[in-house]
Amino acid sequence: MTPSDTVLSQPQSLAQGSYQSSLRGGDLVSLSDLSPDAFFEILDIAADIKQRVKQGEQVHALAGKSLAMLFEKPSLRTRSTFDVGMFQLGGHAVLLDQQFVGIGKRESLRDVASNLERWFDGIMARTFAHSTVEMLAQHAHVPVINGLTDLVHPCQLLADYLTLRETFSDLSGLHVVFVGDGNNVVHSHIYAALLAGTTLTVACPEGYEPHADIVAAARDKGATINISHDPRDAVQGADVLYTDVWTSMGQEAETAARLEAFAGYTVTADWLNDLAPTGVFMHDLPAHYGEECTEDVLYSPRSVVFDQAENRLHAQKGLLVALLG
């Protein structure tokens, strides 16, 4: 897809408070926190803001609002899109990395939360331990957003499903196949499949499956989640082929073992022929070419990878407005 460059000759402004949200004042620690209606409410707000901005409107729905951005992990997309998103919504974001804050070292997490809630209207945190975000949400009386933890990555899946709605319109009946490690992105894929009613197949080597309790809980609620150890068979006829790095941040010591375990899981251009005629390739980035995929797949006509990347901005604006507006 090519983003529209249409610009109105006289930009209009959408003022703060124009969006109504049932989520206002709440947290997003995991997609498991959301109902299907809430999930689609965020996507609807995101899609509306995206369309308005593409038409030249200024959507200052968060004028005067501020967001603290806590980072324990490096970031390109999360840092850029939350920062730019707050700016475009008329608000302001402040970067606070671990070097300056020292969570758990310089001062306690509870103290950090108790300070930030006095200065900011919301907190976004990208951390290693999932418990860090849970504790922030417990102690801060302003909305807390999980920008990524080792357990889940909810903001990525909001962008992914915004992209899937733009690509396919109707999500019902879609078959998403994830090829790779059962990591934090997969866990959020499981929750998203439950919320959206899509079918998810995770193709991974034995021993690298997603958490069994997350899979079981989703199945108990009616989600169709399949686990396969044959990636080429799994992608046959799929609507979406999704992959991710084999070694996530914090797992660097396992790199050699993972490269051996994932032999045969590299997505190459010929894999795309196994998809449904309208099937697409997705990757949340960054990509390690020659491992989980080849560069030509990422830049193929069937790739929507950079639509996903763009939609991190739009989906997060929808989320910010839903929680902080």
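In this predicted model, strand β5 (residues 122-126), helix α5 (residues 130-139) and strand β6 together make a right-handed β-α-β unit. The two strands of that unit, β5 and β6, pair in the parallel sense over four bridges, and they belong to an open sheet of four strands in the order β4-β3-β5-β6. A further open sheet holds five strands in the order β9-β8-β7-β10-β11, and elsewhere the axes of helices α1 and α12 come within 8 Å of each other.

**The four-stranded sheet**

- The pairing in the sheet β4-β3-β5-β6 is parallel, and its edge strands are β4 (92-97) and β6, each of which pairs on one side only.
- Neighbouring strands of this sheet are turned by 20° against each other on average, with direction ignored.
- Strand β6 (residues 144-148) is mostly covered, since five of its five residues are buried, and its residue Ile-145 stands opposite Met-124.
- Strand β3 (residues 66-71) pairs with β5 in the parallel sense over five bridges, and Leu-70 has Ala-125 in β5 as its bridge partner.

**The five-stranded sheet**

- The strands ordered β9-β8-β7-β10-β11 also form an open sheet with parallel pairing; β9 (224-228) and β11 (280-283) stand at its edges with a single partner strand each, so one side of each is left without a neighbour in the sheet.
- From one strand to the next, the twist in this sheet averages 20°.
- Helix α6 (residues 154-168) lies across β7, β10 (240-243) and β11, and the helix runs at about 165° to β11.

**The crossing of α1 and α12**

- The axes of helix α1 (residues 36-54) and helix α12 (residues 305-324) come within 8 Å and cross at roughly 115°, and this crossing is right-handed.
- On the α1 side the contact is made by Ile-42, Ile-45, Ala-46, Ile-49, Lys-50, Val-53 and Lys-54, while the residues they meet in α12 are Glu-310, Asn-311, His-314, Ala-315, Lys-317, Gly-318, Leu-319, Val-321 and Ala-322.
- Sorted by class, the contact of α1 with α12 has nine nonpolar, three polar and four charged residues.

Conventions: Residues numbered from 1 in each chain as written. Predicted model: local features only at pLDDT ≥ 70, side-chain atom pairs only at ≥ 80, totals over all residues. Heavy atoms only, no water. Axes fitted to C-alpha atoms, helices over the stretch in contact; angles between N-to-C directions. Left-handed = near helix turned anticlockwise from the far one by under 90°. Contact = heavy atoms within 4.5 Å. Nonpolar A, V, L, I, M, F, W, Y, C, P; charged D, E, K, R; others polar. Buried < 20%, exposed > 50% of the residue type's maximum accessible area, 1.4 Å probe, protein only. Pairing = 2+ DSSP bridges. Right-handed = clockwise from strand over helix to strand, strands pointing away.
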